[in-house]
Amino acid sequence: MQRRSFLKRGVVGAAAAGAASIAAPAVVRSDDSFKWKLTTAFPPGVPFYSTGPGSLADLTQWIKTISGGRLDIQHFHAGELVPAFEGFDAASSGTLEVNAWVSYFGAGKIPAAQFFGAVPFGMSFQGQNAWFYHGGGIELWHEVYEPYDLVAFPCGNTGVQMTGWFKKEINSLEDLKGLRLRIPGLAGKGYAKLGVDVKLLPGGEIFPALERGVIDAAEWVGPAQDKRLGLNKAAKYYYTTGWHEPTTVTEFAINKQAWQALPPDLKQTVVTSCAAANMVAHTWSEANNAQAFEEFINEGTEARVLPDDVVGGLKTAMDGVYEELASNDPTFKKVMESYFAFKKTHDKWARMSEGVWHAKLRNPA
């Protein structure tokens, strides 16, 4: 009984850690009911994001079920209530209660928020979540969003992503110059320093742009998501290192007044459900990426690894991006220092655990 009690406390504690400063410590049930609207940056039918295990459809249903229908969140897709990239402002103003996207879509407004979405040369799924739940990451997230009247939690994680699809081989840094590449967030700034013509396109526009030659290369997510868009039919070369998005987090950003109106038990329902979606969505990606990647190879896709000098050049470019942004933005600097200080310590463990396992002990077949 003691062991079961300990395990139960551990699971709930991990999910609640990020909300400790917001949710009341005692769980008090209220009979009040709430109806919220949620908008996203994602079109309907997209696995992981919009539908399927760990998706926003799953998450909102879990919240409704666990709360006994007392918190009913209606899920709208990109463009159904507001345009894809305007949900953040709509939730901030109280036009609706929740926006779900990846925080780098709002990089122009809040550069620091990108550390809660995807960090070039950052941490893995394990490290990112360790920082969120046990390294002060979620508390910093709330602090950064305070001026926007939002409270946010991680609710999905793709794990490591692919560098993307390229119409031509990349053998050196010279091959990047003038390349028209769809890429969001901080990574786009790094590419731009190396002469890449960076484009930000919604998911639904990537395939036609790549197929028609409007762009020369594009990244989206990983094999399972890329297959759904048919990107393997628009470009031959599939590159990897995951340098730009070693992990990519979906955020569940709630209007602060709406959040504060919830009783403690419903706050805990939201926090715990988001933590569960974060894990379930990631495992869906791992399972489905493996199958889709094998199909790509069987169908003639050429999987490549970026050359070391290209990765090195990108690392140098990103160091410059971080330095420039930190020098002009105290909030960015504060979050960056927290993130990379945690990463420095976590890397030592990761190298001796996951790193060694991947390099030495895994069955090469």
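**Salt bridges, rings and a sheet**

Glu146 is partly exposed, with a relative accessible area of 40%. The model shown here is predicted. The side chain of Glu146 meets that of Lys256 in a salt bridge, at 2.6 Å from N to O. This pair links distant parts of the chain. Lys256 sits in helix α9 (residues 256-261), while Glu146 is in the loop between α5 (137-145) and β4 (150-157); they are 110 residues apart.

Side chains of opposite charge can pair when their charged atoms come close. The count for this structure is 18 salt bridges. One of them joins Glu169 to Arg304, with the closest N and O atoms 2.6 Å apart. Glu169 lies in the loop between β5 and β6 (180-182) and Arg304 in strand β11, so the bridge ties together parts that are 135 residues apart in sequence. Glu169 is partly exposed at 31% relative accessible area, and Arg304 is partly exposed at 24%. Both residues belong to a network of salt bridges that also takes in Lys236 and Glu302.

Another salt bridge is local. Asp347 and Lys343 meet through their side chains at 2.6 Å, N to O. They are four residues apart in helix α12, which means a separation of about one helical turn. Both Asp347 and Lys343 are buried.

Helix α12 (residues 330-361) also holds Val356. Val356 is partly exposed, at 32% relative accessible area. With Met352, Trp357 and Leu361, Val356 forms a nonpolar patch on the surface. Together the four have about 440 Å² of accessible area.

Now the sheet. Six strands form an open sheet of mixed pairing, in the order β7-β6-β8-β5-β9-β11. At its edges are β7 (197-199) and β11 (302-305), each pairing on one side only. Strand β5 (residues 164-166) runs antiparallel to strand β8 (residues 217-218), and two bridges join them. Here Trp165 stands opposite Ala218 in β8. Strand β9 contains Thr240, which is partly exposed at 24% relative accessibility. Thr240 and Met162 are 78 residues apart in sequence, yet their C-alpha atoms are 4.7 Å apart in space.

Next come the aromatic rings. The structure holds 26 aromatic pairs. In one of them, Phe121 and Trp243 have ring centres 5.2 Å apart and planes at 35°, so the pair is tilted. Phe121 lies in the loop between β3 (98-101) and α4 (125-134), and Trp243 in the loop between β9 (237-240) and β10 (249-255); the pair therefore ties together parts that are 122 residues apart in sequence. Both Phe121 and Trp243 are buried.

Phe132 and Trp141 give a stacked pair, 5.2 Å centre to centre with 20° between the planes. Phe132 is buried, at 0% relative accessible area. Trp141 is buried too, at 0% relative accessibility.

Last, the cysteines. How many disulfides are there? The count comes to zero. Cys155 and Cys274 show why: the sulfur of Cys155 has its closest cysteine sulfur in Cys274, at 5.3 Å, too far for a bond. A disulfide needs the sulfur atoms within 2.5 Å. Cys155 is buried at 3% relative accessibility, and Cys274 is buried at 1%.

Terms used:
Residues numbered from 1 in each chain as written. Predicted model: local features only at pLDDT ≥ 70, side-chain atom pairs only at ≥ 80, totals over all residues. Heavy atoms only, no water. Patch = residues over 30% accessible without salt bridge, like charges linked within 9 Å, V, L, I, M, F, W, Y side chains within 5 Å. Areas by Shrake-Rupley, 256 points an atom, 1.4 Å probe, with all protein chains shown as cover. Buried < 20%, exposed > 50% of the residue type's maximum accessible area, 1.4 Å probe, protein only. Pairing = 2+ DSSP bridges. Phe/Tyr/Trp six-rings, centres within 6.5 Å; stacked < 30°, edge-to-face > 60°.
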